[in-house]
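Visitor: I am new to this structure and would like to learn how to read its features one by one. Could we look at it together?

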Amino acid sequence: MIPYLVRLLDMIINNAAILSDWKRATVVPIYKGVDRSLVTNYRPVSLTSVVCKQMEHVTVSYLRQVWNRYDWLYEGQHGFRPGYSCESQVTLVCQDTVDSKENEVMLDDIKIDFLKAFDLAPHHQLLMKIVDSVSN
């Protein structure tokens, strides 16, 4: 099965096109807590193709290898990295704050909420940029 999946992924990357079935998802609301009558207490989860999820996993694994090989990620980047978490990020920020206070060093803190940023991104254009950068 793997050779067929490799060929399929190769065709998708070379043609910059994703199969239409992979673009479809069944969205299921998952209850988060508190009042069940409020829509805001549900998180949407998209159920997609198993093969598509496997391809995403392969792609993410490859990108992580490239990022690590060329040291492209800032050491303070914790999101979407194995061995890092929200807790490790908060711990680092707290430690930096304490260190700056003890050393009497000024510390600037900027917080930006990107909650919906990826949902608004033009995915087709991003895919084209990735394909262009890989081919160059």
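Visitor: Is Tyr31 buried, partly exposed or exposed?

Guide: Please keep in mind that this is a predicted model. Buried means under 20% relative accessible area and exposed means over 50%, so Tyr31, with a relative accessible area of 28%, is partly exposed.

Visitor: How many aromatic pairs does a search of the whole structure find?

Guide: The search finds 2 aromatic pairs. In one of them, Tyr31 and Tyr42 are tilted, with 5.6 Å from centre to centre and 55 degrees between the planes. This pair links distant parts of the chain, since Tyr31 belongs to strand S1 (residues 26–31) and Tyr42 to strand S2 (residues 42–47), 11 residues apart. Tyr42 is partly exposed, at a relative accessible area of 25%.

Visitor: Why do the rings of Tyr70 and Trp72 count as a stacked pair?

Guide: Planes under 30 degrees apart count as stacked; the planes of Tyr70 and Trp72 stand at 25 degrees, with the ring centres 5.5 Å apart, so the pair is stacked. Tyr70 is partly exposed at 49%, whereas Trp72 is exposed at 56%.

Visitor: Which residue lies over the face of Tyr31?

Guide: That residue is Arg36, at 3.8 Å from the ring centre. Elsewhere, the charged end of Arg81 sits over the ring of Tyr84, 4.3 Å from its centre.

Visitor: Is Ser100 buried or exposed?

Guide: Ser100, which lies in helix H4 (residues 86–102), counts as buried because its relative accessibility is 11%. Leaving aside neighbours within four places in sequence, Ser100 is in contact with Val105 and Leu107.

Conventions
Residues numbered from 1 in each chain as written. Predicted model: local features only at pLDDT ≥ 70, side-chain atom pairs only at ≥ 80, totals over all residues. Heavy atoms only, no water. Helix = DSSP H or I, 4+ residues; strand = E, 2+ residues; numbered from the N terminus. Buried < 20%, exposed > 50% of the residue type's maximum accessible area, 1.4 Å probe, protein only. Contact = heavy atoms within 4.5 Å. Phe/Tyr/Trp six-rings, centres within 6.5 Å; stacked < 30°, edge-to-face > 60°. Lys NZ or Arg CZ within 6 Å of the ring centre and 35° of its normal.
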